[in-house]
Amino acid sequence: MSHPRIVGLSGSLSAISRTRTLLDGIIGQIRTGSDAGAQIIDVAELGAALGPLRSRDQAPPELEAAFRAVEAADLLLVASPTYKGSYSGLFKHFIDFIDYKALVGRPVGLIATGGSDRHALVVEHQLRPLFAFFVARTLPTALFVPDRAIVDGRVDDPLLRQRIDQLVEEARLVLPARALAA
């Protein structure tokens with residue numbers, strides 16, 4: 001029996017980012033007490049190959065492997081910094097190559113970071129509708145974490161910690177039963 005797969009998709013354009021750090025931490029929390037495997041796909045690392053891509057059949061092997069990992073995930077967690085009230089363009093360019101039928105019913109956790117609370121609805125007005133197109137099953141709790149709340153790679157704000165813990169619990173509940181340790 002194979003282990004459930006958690007795939008995190010980081011939409012940051014920087015190799016080192018608050019968004020990626022937050023995503024790593026949340027995946028680590030979800031994996032605690034389970035046998036789920038995890039993989040992070042970082043569009044910053046794929047940017048050189050992804051940027052000029054015009055059709056999936058021209059994707060180099062590392063991009064095709066990333067697309068397939070997203071499509072086969074038991075749980076997908078997507079995280080993007082906010083740019084002009086939306087997710088990053090490179091994140092969207094990556095998503096544009098995902099088979100529109102592959103995410104039907106797939107559980108997806110939504111996470112965004114941003115410089116200001118004015119962007120707090122990006123998860124509801126941008127990310128949730130994007131994954132609704134795929135008929136994915138977005139988790140009820142979506143996260144928006146302002147950049148100022150991430151200090152030394154950690155979120156210390158108690159209300160944000162509660163929301164993160166709620167997302168983690170929802171994510172753990174949708175993992176296949178075999179993922180939970182006895």
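Hi everyone, this is a short walk through one predicted chain, from its overall build to a few single residues.

Some ground rules before we start. The model is predicted, so local features are used at pLDDT of at least 70 and side-chain atom pairs count only at pLDDT 80 or more, while totals for chains, interfaces and linings use all residues. Residues are numbered from 1 along each chain as its sequence is written, and side-chain values use heavy atoms, with hydrogens and water left out.

Let's begin with the overall build. The chain has six helices and eight strands; these are DSSP runs, H or I of at least four residues for helices and E of at least two for strands, numbered from the N terminus. Along the sequence they come in the order β-α-β-α-α-β-α-β-α-β-β-β-β-α.

How does the radius of gyration compare with that of a compact globule? For 182 residues the globule value would be near 16 Å, and the chain has 15 Å, which agrees. That radius is taken over C-alpha atoms, and the globule rule is 2.2 Å times the number of residues to the power 0.38. Along the principal axes, the C-alpha atoms fill a box of roughly 45 × 45 × 30 Å.

Buried residues, meaning those under 20% relative accessible area, with exposed over 50% and partly exposed in between (1.4 Å probe, protein chains only), make up 51% of the 182 residues. A contact here is heavy atoms within 4.5 Å. Of the contacts with a separation of 6 or more, 78% join residues 24 or more positions apart. The exposed surface comes to about 8,800 Å², and carbon and sulfur atoms supply 54% of it; areas are by the Shrake-Rupley method with a 1.4 Å probe, and for residues only the protein chains shown count as cover.

Now to the inside. A nonpolar core is a set of buried Ala, Val, Leu, Ile, Met, Phe, Trp, Tyr and Cys residues joined through side-chain atoms within 4.5 Å. The largest one has 35 residues, and Ile41, Phe67, Phe91, Phe94, Ile95 and Phe131 touch the most other members. At least two residues of this core come from each of β1 (5–10), α2 (43–50), α3 (61–72), β3 (75–81), α4 (89–95), β4 (107–114) and α5 (122–133). Another core lies apart from it, with 23 residues, among them Leu23, Ile26, Leu139 and Ile150.

Have a look at Phe131 while you're there. Leaving out residues up to four places away in sequence, Phe131 touches Leu76, Val78, Phe91, Ile95, Leu103, Val108, Leu110, Ala136 and Thr138.

Helix α1, residues 18–31, has 14 residues and reaches 20 Å from first C-alpha to last, close to the 20 Å expected; the expected span is 1.5 Å times one less than the number of residues. Which residues of α1 are buried? They are Thr19, Arg20, Leu22, Leu23, Ile26, Ile27 and Ile30. Seen down the axis of α1, these fall within an arc of 160°, so they line one face of the helix; the arc is that of the directions from the helix axis to the C-beta atoms. After α1 comes Gly33, with a positive phi near 80°.

Helix α6, residues 158–174, has 17 residues and should span 24 Å; its end C-alpha atoms are 25 Å apart, which agrees. Its buried residues include Leu160, Ile164, Glu170 and Arg172, and the buried residues of α6 pack against α1, β3, β4, β6 (143–146) and β8.

Ser10, in strand β1, is buried with a relative accessible area of 0%. Beyond four places in sequence, Ser10 contacts Thr19, Arg20, Leu23, Ile41, Asp42, Val43 and Ala79.

Most residues other than glycine have a negative phi. Lys84, however, has a positive phi of about 50°; Lys84 sits in the loop between β3 and α4 and is exposed, at 86% relative accessible area. Asp152 also has a positive phi, of about 55°. That residue, Asp152, is in the loop between β7 (150–151) and β8 (154–155), and is exposed at 78%.
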